[in-house]
Amino acid sequence: MKNILTYVFLAIIPILSYIILGKIFKGNHKWMIFIISVEIFIFSFLIFKFGQNKISFKNFILPLPLFTLIFFVSFQSGFSFTLFYLIFIPFSSVLGVFYAKQKSQVILFVSIFIFAIASSILYPNWIVYSENRDAKIISNYKSIEFLDKENNIKLLDNKEIIVLDFWSTSCSICFKQFPKFEKIYLEYKNTPNLEIYSINVPSKGDSIGEAQNIVKKLGYKFPTLYVNSKEDIVDLNIDSYPRLVIVKNNKVRYNGRLEMDGSIFVNHIKHEINKLLKE
């Protein structure tokens, strides 16, 4: 019974941290992973520094995966989130115990460095990779009737490589991404056999005219095209925005999240474009 209570107590610590930090950082897992890792490290260090004879390493480390079992399985559905926490929380504890036993400042600094790298680079790249595993499945591109700013029909068939950023006016993240997309456009705008477009998909109650006015006010240089309704792009199975679709020789070669952050090394828009240009 005592061991069971110990397991539950140790598992509750990261659960409470996750809930509290989730409220503070509004679900920003980069900060949450870093702080939770540091907390588990410190907690493990203190237990093994002041109570080495009262609890074994095995009895301490085993309950930590219950964080996943109790919380994620109950309240979360993302396997990618679950797996990263499941691996990294026990790993943070191991580093804390190692520091308590060796008492070397090098271990402390190395651990903090690992936590920073894991939260700022490993985690976002793992999530991007796991959520875009089907993005590179090759499929046929069915012609779509886009509208330009004068409401003239524009077809993008028979172009070698077409890069399309799908967005809607209700997507706040899309607007935050526009400056980065502008830089991508300016970098590649003179590249032969490559065209880049922003594609507006109307939200409920939107009109093309409203979207055109927004685009005009924003004043970006990348060209924007429009579709009349979501039905026009139903074959692309787009269910969230921003969405990146890259077509080469009338084949959809990429259909997944639009990734432009500097910390992302997998599925980054520049990586996908450069790869297709070299083929």
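Trainee: Which is W167, buried or exposed?
Mentor: This is a predicted model, where local features need pLDDT of at least 70, side-chain atom pairs count only at pLDDT 80 or more, and totals for chains, interfaces and linings use all residues. Buried means under 20% relative accessible area, exposed over 50%, and partly exposed in between, with a 1.4 Å probe and protein chains only. The relative accessible area of W167 is 0%, so W167 is buried.

Trainee: How many aromatic pairs does the structure hold?
Mentor: Rings of Phe, Tyr and Trp (its six-membered ring) pair if their centres lie within 6.5 Å; planes under 30 degrees apart count as stacked, over 60 as edge-to-face and the rest as tilted. On that basis, the number of aromatic pairs in the structure is 14.

Trainee: What geometry does the aromatic pair of W167 and F175 have?
Mentor: The ring centres of W167 and F175 are 5.6 Å apart, with 75 degrees between the planes. F175 counts as partly exposed, at 25% relative accessibility. The geometry of the pair is edge-to-face.

Trainee: What angle do the ring planes of F181 and F222 make?
Mentor: F181 is buried at 0% relative accessible area, and F222 is buried at 6%. Their ring centres lie 5.1 Å apart. The pair is edge-to-face because the planes stand at 80 degrees.

Trainee: How many residues apart are F181 and F222 in the chain?
Mentor: Helices (H or I, at least four residues) and strands (E, at least two) are DSSP runs, numbered from the N terminus. F181 is in helix α7 (residues 172–188), and F222 is in the loop between α8 (208–218) and β6 (224–226). The pair thus links distant parts of the chain, F181 and F222 being apart by 41 residues.

Trainee: Are α7 and α9 roughly parallel or roughly antiparallel?
Mentor: Axes are lines fitted to C-alpha atoms, for helices over the stretch in contact, and angles run from 0 to 180 degrees between N-to-C directions. Angles under 35 degrees count as roughly parallel, over 145 as roughly antiparallel, 65 to 115 as roughly perpendicular and the rest as oblique. The axes of α7 and helix α9 (residues 269–278) come within 11 Å and cross at roughly 25 degrees. The two helices, α7 and α9, are therefore roughly parallel.

Trainee: Which residues of α9 make the contact with α7?
Mentor: Contact means heavy atoms within 4.5 Å. From α7, the contact uses F181, I184, E187 and Y188. From α9, the residues are I269, K270, I273, N274 and L277.

Trainee: How are α2 and α6 oriented, roughly parallel or roughly antiparallel?
Mentor: Helix α2 (residues 29–50) packs against helix α6 (residues 105–131) with the axes 9 Å apart, at an angle of about 155 degrees. That angle makes α2 and α6 roughly antiparallel.

Trainee: Which rings does the cluster linked by ring pairs include?
Mentor: One member, F41, also belongs to the α2 side of the contact between α2 and α6, and F115 to the α6 side. Ring pairs join the cluster, which consists of F41, F45, F88, F91, Y99 and F115.

Trainee: Which residues does L164 touch?
Mentor: A nonpolar core is a set of buried Ala, Val, Leu, Ile, Met, Phe, Trp, Tyr and Cys residues joined through side-chain atoms within 4.5 Å. The largest one has 46 residues, and L164 is among those with the most contacts inside it. Leaving out residues up to four places away in sequence, L164 touches F146, L156, Y197, I199, R243, L244 and V245.

Trainee: How many residues does the other core have?
Mentor: This core lies apart from the largest one, and its members include I36, F88, I89 and L95. The number of residues in this other core is 23.

Trainee: What is the C-alpha separation of V97 and I47?
Mentor: V97 is in helix α5 (residues 79–102) and is buried at 3% relative accessible area. V97 and I47 are 50 residues apart along the chain, and their C-alpha atoms are separated by 8.4 Å.

Trainee: Which residue does a cis peptide bond join to Y241?
Mentor: Omega of the bond is about -5 degrees.

Trainee: What is the phi of N237?
Mentor: N237 is in the loop between β6 and β7 and is exposed, at 58% relative accessible area. N237 is not a glycine, yet its phi is positive, near 55 degrees.

Definitions and conventions: Residues are numbered from 1 along each chain as its sequence is written. Side-chain values use heavy atoms; hydrogens and water are left out.
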